[in-house]
Structures are given as C-alpha cells and as structure tokens.
Amino acid sequence: MAVYTHVSAEALSRFLSRYNVGDLVSAKGIAEGVENSNYLVDTTRGRFILTLYEKRVAADDLPFFMALLDHLATKGLPVPPAIPDSEGQSIQQLEGRPACLIRFLPGVSLSHPTPSQALAAGDALGQMHHAFADFTLTRPNTMGIDTWRPLFDRCGRSLDQIAPGLHDTLDRALDHVVERWPYDTLDTCAIHADLFPDNVLMRGDQVSGLIDFYFACTDIRVLDLAVTHSAWSFDATGTHHDAAIGHALFAGYERHFPLSTAERDAFPTLAAGACLRFALSRAWDWLNTPADALVTRKDPLAYLRRLAHYAPDLLPDTMKHHA
Ligand SMILES: Nc1ncnc2c1ncn2[C@@H]1O[C@H](COP(=O)(O)OP(=O)(O)OP(=O)(O)O)[C@@H](O)[C@H]1O
Ligand SMILES: N[C@@H](CCO)C(=O)O
C-alpha cells in the first residue's frame, strides 16, 4: 500500500473545509502505487482522490503537471484535473507535504489487459501526443537517460544484494544503451513517461481515465510508446512476452503517428532504456524503502527479464537464470 504520509481525520476535515466539496464521510489509503500517498476520500458531495506528493515529485514541478492536465482536459482527454479550493488554489500543503484533491474517475486498472484494451491504450497514447502539439511548457525528464548512470552509482554494489551479478549486468546494459541512444534525432514532445496498465482506467474496452502524470516531461515521443510497450506486453514477473498485446499497442498508436524507419530502428534501444529506468528506480526503492512505509515494493528483476527480451545479447550466462 502506498501511504508514506498518514493524514489524521481532523487534518483531512480541516483540509476539505477549504473546498466546496461537502463534509468528510470516509477516507482509505489506496493499495496501488509506489510513488505518492493516495487516499480515496468520500464526502457528503461525492468521491475524490487525495494525493500527497512524496520522494520523486518536486513541489516546483506541480504547476507544470497541473497545466498539462488542464491542457489535456480541455482537449477532451479523460484526465483528472486537480480541484481548486474556494480561493482558486489547487496545490496545497497537508501534513507537511504538497497535496492536491483530484477528481475521481470511473473505471478499473487492469492486471491482465487484452489485445482490444491494448489497442485502446495505444490509441489513447496517440491522442495524447496529438493534444500535446500545442502545449508549450517544457520540463526535463528527471528519470531520463542522463539520470540512469548517477542512480546506478548511488545504488552501487548493494545491487548485488538483490541478485548476484546485477551490478555488472546493469553497468554493461547502461553502456550498451547510451552508445546506441538516438540523441537529438527523433521527434520530441510532452510525454507521460509512466503509462503502465495501472495508470489507464478502463470500462470494458474503453479508456475511461489516464492518470498519474507525475513523471510527465519533454522527451523523445516514441520513448513513451516504448515505456508503454515494456509495461503492457509482459506478465507482471516480466517472464512471458505477449506479442499480441505489443502489436495491438502499436496498431492503436499508429492510427495517429505511424513510426518512421528511424523510430522503428531505435525502438529496441528505447525499450531497453525504459527497462533500465524501471529496473533502476525499483532497485533503488528495493534498497531504500522506509521500513514503516505501507508500500509493496516492486520487483526490479521483472525489468531485467524485459531487458533480456529487447536486448537478448546483453545478459551474461550468470544472470540468465534471473531472466
Ligand atoms: N483520479 C483518479 N480516479 C480514480 N482512481 C484513481 C485516481 N488517481 C489514482 N487512482 C487510483 O489510485 C491508484 C494509485 O494512484 P497512482 O498510480 O497515481 O499512484 P502512484 O503512487 O503515483 O503510482 P505509480 O507506482 O504507478 O507511479 C491508481 O492505480 C488508481 O487505482
Ligand atoms: N510505474 C513504475 C513506478 C513509477 O516509477 C513501476 O512500476 O516501477
């Protein structure tokens, strides 16, 4: 359960009194997620999400995320804007953390998407990139390629506590990806950068919500498809690749943006980079999650196994049994 910051009923009632949303009825910590603290809040007027921003979300970036959500909402995408209080402020402080009250969107996040649902997700990703064509704000990717080596160095030899040999394997993989990265050659735009199945709410085969934009940034457009592909087209352990899901994601996305030859050629490198990003952030969390946090850590090796799919020659025999 991702609840790093505990909010008392009294503090929450005081917080809600700034808004025109009725009185607190109940609040529950939300089980999913690893980044922020999320509560499902019911009031006498409806249902809301309360998010307290933790570790990787900088308060200074919140205006960018809120502008981006407003932009997408104006274009008709199903994203949840933050609700302004009675003085028009949507970014607040609660229990010492930046916090927002967010519109609750209907739908369920999927554990096992079908190809039809992956087609709809790929289509929604393409619509989102179209909507960003006239979004003028920019934000560097704080989990982008330039950050992976420093994060790897901070994890250091402790990586081998997760799996023997992991340090050297990730070291080689970083060199491999950095050497091949398509710097400055492919189209860039605002990207979601974390469009996992749990960040797409669905009703049947329809996308009813796109959430969790707190890694959104400006980077290579097709990197977003690579992140999504690496998250959607494997089982949770990263062991089994489901090609039908991957094809459906591409088909949905290419309704909007057919990939150029250069983008197709770069795709395995972008996807291997996506695997490194999540292997490293998960490894860091694995080694550093506070003992009292109510959070289920995510397995870094599930991304090592995906890496083996996109860059099969990269893993030495000693790591193969993890892949
Ligand atoms: N606006 C919303 N409407 C409905 N449910 C939501 C909304 N925002 C969040 N949720 C629910 O809360 C869960 C956790 O939210 P979120 O993915 O933003 O957390 P996180 O810690 O940032 O997660 P992650 O590990 O994916 O980065 C979601 O999987 C979803 O079930
Ligand atoms: N979606 C990410 C968490 C965000 O860093 C993961 O599953 O590792």
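1. A residue is counted as near a molecule or strand if its C-beta atom, placed from the backbone, lies within 6 Å of it. By that rule, the residues around ligand 2 are Val34, Glu35, Asp194, Phe196, Phe278, Ser281, Arg282 and Lys298. The shell around ligand 2 then divides into 3 nonpolar, 1 polar and 4 charged residues.

2. The model is predicted: local features need pLDDT of at least 70, side-chain atom pairs count only at pLDDT 80 or more, and totals for chains, interfaces and linings use all residues. Residues are numbered from 1 along each chain as its sequence is written, while chains are lettered from A and ligands numbered from 1 in the order in which they are written.

3. The chain is divided into domain 1 (9–104) and domain 2 (115–320), with bounds that come from an automatic or database domain assignment. Taken over C-alpha atoms, the centres of domain 1 and domain 2 are 26 Å apart. The contact between them takes 19 residues from domain 1 and 20 residues from domain 2; two residues are in contact if their C-beta atoms, placed from the backbone, lie within 7 Å. On the side of domain 1 that touches domain 2, helix 2 (residues 62–74) supplies the largest share, 7 residues. That side of domain 1 divides into 12 nonpolar, 3 polar and 4 charged residues.

4. Ligand 1 has 23 residues around it, of which Glu32, Gly33, Glu35, Pro80 and Asp212 come nearest. Its shell draws at least three residues from each of domain 1 and domain 2. The residues of this shell divide into 11 nonpolar, 6 polar and 6 charged.

5. Helices (H or I, at least four residues) and strands (E, at least two) are DSSP runs, numbered from the N terminus, and two strands pair if DSSP finds at least two bridges between them. One open sheet has 5 strands in the order 1-2-3-5-4, with antiparallel pairing. Strand 1 (24–29) and strand 4 (92–94) stand at its edges with a single partner strand each, so one side of each is left without a neighbour in the sheet. From one strand to the next, the twist averages 35 degrees.

6. Within this sheet, strand 2 (residues 37–43) and strand 3 (residues 46–52) pair in the antiparallel sense over 7 bridges. They form a hairpin with 2 residues between them. Which residue of strand 3 is the bridge partner of Ser37? The partner is Leu52, and Val41 stands opposite Phe48 in strand 3. Strand 3 also pairs with strand 5 (residues 97–103), in the antiparallel sense, over 5 bridges; there the bridge partner of Leu52 is Ala99.

7. Helix 1 (residues 9–16) lies across strand 1, strand 2 and strand 4, and runs at about 120 degrees to strand 1. For such values, axes are lines fitted to C-alpha atoms, for helices over the stretch in contact, and angles run from 0 to 180 degrees between N-to-C directions.

8. Another open sheet is formed by 3 strands in the order 6-8-9, with antiparallel pairing. Its edge strands are strand 6 (108–109) and strand 9 (206–210), each pairing on one side only. Strand 8 (residues 200–203) is joined to strand 9 by 4 bridges, and the bridge partner of Leu201 in strand 9 is Gly209. Helix 3 (residues 115–131) lies across strand 8 and strand 9, running at about 50 degrees to strand 9.

9. An unreviewed UniProt entry carries the annotation "domain: Aminoglycoside phosphotransferase" over residues 27–255. UniProt positions are given in the numbering used here, feature names are shortened, and annotations may be inferred rather than shown by experiment. The end C-alpha atoms of residues 27–255 lie 41 Å apart, and the span is 37% helix and 20% strand.

Note on methods
Nonpolar A, V, L, I, M, F, W, Y, C, P; charged D, E, K, R; others polar.
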